[in-house]
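Visitor: I have this one open now and would like to talk it through. Could we start with how a term is used, then look at some details?

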Amino acid sequence: MENKNTVIEMKHIVKDFNGFKANNDINLKLHKGEILALLGENGAGKSTLMSILSGLLEPTSGEIFVNGEKTNIASPTAAKKLGIGMVHQHFMLANSFTVLENIILGHETTKGPVLDIKKAKEKVLALSERYHLAIDPDKKVADITVAQQQRVEILKILYRGANILIFDEPTAVLTPQEIKEFMNILKGLAHEGKSIILITHKLEEIKAVADEVTIIRTGQDVGTYQVKDISNKRMAELMVGHAVEMKLTKRAENFGQNILEVKDLQVKENRGNLAIKGLSLSLRAGEILGIAGIDGNGQDELVEAITGLRHVDQGSVIINGQDMTNKPTRKITEQGVASIPADRQKYGLILQMSVADNLILQSYYQQPFSHHGIINFDAIKKHAKAAVKKFDIRTASSDLPTGELSGGNQQKVIIARELERGSDLIIAFQPTRGLDVGAIEYIHKQLLKERDRGKAILLVSYELNEIMQLSDRILVLHDGQKSGVVKPDQTNETELGLLMTGIQKEGQDLDQSFS
Amino acid sequence: MIKVSAKTKRYLVPIISVIAGFLIGAIIMLIWSYNPITAYSSMFASALGNMNGLGETIREATPLIFTAVGFAIASKAGFFNIGLPGQAQAGWLTSVWIVLANPTLPKYILLPLAILAGALAGAIVAGIAGFLRAYFGTNEVITTIMLNYIVLYLCQYLMQQVMPESLRNGADTTKDIPANGSLHLDWLSHLFGDSRINAGIFLGIGAILIYWFLMKKTTVGFEIKAVGLNPFASRYAGISAKKNIILSMLLSGGFAGIGGVVQGLGTYQNYFTQTSSINIGWDGLSVALLGNSTAIGILIASLLFSILKIGGLGMQTVAGVPYEIVSIVIAAIIFFIAIKYVFELLFAVNKTASYKHPLKKGTEIGPNNGVDGPNIKLQKEGPVL
């Protein structure tokens, strides 16, 4: 490739955080009009590298060339001037402003002291048309879908004149259909001469749109490959550093009696509107029921209602034959419920407390961990030692604060605690969120093992892959209601995607036929 | 920047703060041409150099131990209890009243009864704030401050309007308590040069031990700490936040109440009308902060405060340095301790504001995240479920 086509070149980038090398000799080259995927596990150094590129961090050593010229990107403003723009995973939009207002915010066109809305609108609409980013400029951001918000974010940086676009895990919040559309947008942007860096851990997306892929592992450059020349399996191996199994093996179904029965459940969200609107479901021993759906369709409320964290307005939750509706969380836990929360740092762990203490967060008051209210530290330590070994939790000591562990190991602490209690019902809410391939594989295997041991597992996840791979049955949740129940081997992403947007399927409802 | 382990830092910050406080005091003395070396040596000499001074220093430290333990328990549960003055005052008046009203009861009944009643009074005052927080999400900083005023004027009313005249000397002072309701010990007082040191110090040491045992060894302490560090995860794990907020406030107020009891049955042997929220409450807060809410830290910090206060009197008479210097030294120490919290808060905020966190989902600054002291930030309020 000729040099004039290279818009960004990062050479031998090293970023040293007090002796910890987050980036250690990384090279990256972005060509004009191309899409470069940046692949790496969590903590591999992707974000550090992109922070350097967008002027938030300064490299310890190494050189950056923008359009062939050696540059020092000292600040985010400098990056903006160079035409580098970033779409963050969490959108930075003002909800009560219109789409147009959000786009021009900070870069308003003015006629004297007055805002020239008309001119701005023309400019935005021109951009929207040129890059096929359909938006309604007069709608409020609060009233548009997540996919539309993403388009607003993209327009925002295009409006500021960005030629180099960095996308940070852009598809995490989208439905399969929206992802397809987004992929087309990316291709369109590249076609129009924009250069794109796509941070992702989804191999299929790389295959679908990227020209080249740069893989980094533990801060080091593993290499840059032409996407058409490399297989998914090879990419995964290079990212993780060892061979990975891409397919999980699942044993034949062996279902027992109903462990969880939810009947006509109605639950309100924090503002008092109904979030779960008359949902019924049943889950048997030895079965994994996947709850698919887009974030915010009642998943949080459903899990909280079952675990006693949220008031049930109507209907009932029956666990192991006992009516546990609106019972305290502790009673529900004692009835044989384990729960892996979606937000591990907020709900799952007390980060300042030791690994050993976190491992007994629900059982500290029971024998052998305490006796008449006096804590038995020897028993806690012994228990921690066994769990650390059994679940391969990587920590120097079980006395360390849990916050010092990596995300994957923090999740292992939760998994160890929840699975060790021998509960009959395991609720796993986004159990692999933000984890790397190795940790995801580990957690999936653990869940399948529990299923084969006859546990009932309620898997709530926004990752369709995960739902498809693990579930015996999939319930699609839309707007607090069941929009369909399907079997994973009799469906596909398109059908699930439609159900997730509330478009119901003709024909029988699998859940009815089971009960 | 000098790098030290978190553990060393815990000790280093209070020590540096104390040294810096003394230095500031010295500088101010120099500006007004006093000799800081003479002043400080006379301060230490009068607080520690003779038995009477030593006894008075210990006597002064006793109520501070209780109020500081009270503050520390609440802060472990994530609660900023600045109602210590009111809780202590309630305990003071209640215990004196009980003793005065039952002068004929034998000592082994009367004294425990009065102490427990004082603790109960403090617990009730603090419990109101705890209840409001647990069930209505009311900010405890506001309710405890307001309760200080309520208690201040309620005590005045009770003493002047409700207490039988036979128990009072005029409108503003109660009669002195009889010996069988007093914490005064003749032998102890004689040993320390006839100072006002009393049996309260033994109760204080007991309180320190109970506090240590409670927080380190019991499931109650485990729950309180869990709720204080992360109320969300605690709820999720089935630990009742409501129960623990109220419990920690009852314990906090109970200890503060005994702080008041020690003033009444130990130091003053009576109750007299207070014109403002009593000092042992505020000083207890400072002592707990300086002692980093640890058992041993509270003991040392309460003694240091007493040395300053008792020694300050000596400094004034021997070296002629105004007593106000002591207030400046204390204020400076607290100021430096507070700077630590401000820095850590800023540091924690900076970390979240940086680029890294939008990527790392779910990293929220929880209560006390990155701050190993009381949670001074006003949290989003809401009823605790």
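Guide: A residue counts as buried when its relative accessible area is under 20%, computed with a 1.4 Å probe and protein chains only. Please keep in mind that this is a predicted model.

Visitor: Which residues of helix 2 of chain B are buried?

Guide: In helix 2 of chain B, the buried residues are Pro36(B), Ala39(B), Tyr40(B), Ser42(B), Met43(B), Ser46(B) and Ala47(B). Around the axis they cover an arc of only 160°, so they lie on the same side of helix 2 of chain B.

Visitor: How far apart are its end C-alpha atoms, for helix 2 of chain B?

Guide: They are 18 Å apart, which agrees with the 18 Å that 13 residues, 36-48, should span at 1.5 Å a residue.

Visitor: And what does Asn35(B) reach at the start of that helix?

Guide: A side-chain oxygen of Asn35(B) comes to within 2.9 Å of the backbone nitrogen of Ile37(B), at the start of helix 2 of chain B.

Visitor: Changing topic, where is Ile197(B) found?

Guide: Ile197(B) sits in the loop between helix 7 (186-191) and helix 8 (200-217) of chain B, and because its relative accessibility is 2%, Ile197(B) counts as buried.

Visitor: What does Ile197(B) touch?

Guide: Leaving out residues up to four places away in sequence, Ile197(B) touches Gly55(B), Ile58(B), Arg59(B), Leu188(B), Ser189(B) and Phe192(B).

Visitor: How many helices and strands has chain B?

Guide: Chain B has 15 helices and two strands, and 55% of its 385 residues count as buried.

Conventions
Residues are numbered from 1 along each chain as its sequence is written. Chains are lettered from A and ligands numbered from 1 in the order in which they are written. This is a predicted model: local features need pLDDT of at least 70, side-chain atom pairs count only at pLDDT 80 or more; totals for chains, interfaces and linings use all residues. Side-chain values use heavy atoms; hydrogens and water are left out. Helices (H or I, at least four residues) and strands (E, at least two) are DSSP runs, numbered from the N terminus. The expected span of a helix is 1.5 Å times one less than its number of residues. Buried means under 20% relative accessible area, exposed over 50%, partly exposed in between (1.4 Å probe, protein chains only). The arc is that of the directions from the helix axis to the C-beta atoms. A polar contact is a pair of N or O atoms within 3.5 Å; within protein, one must be able to donate a hydrogen and the other to accept it, and residues adjacent in sequence count only if both atoms are side-chain atoms. Contact means heavy atoms within 4.5 Å.
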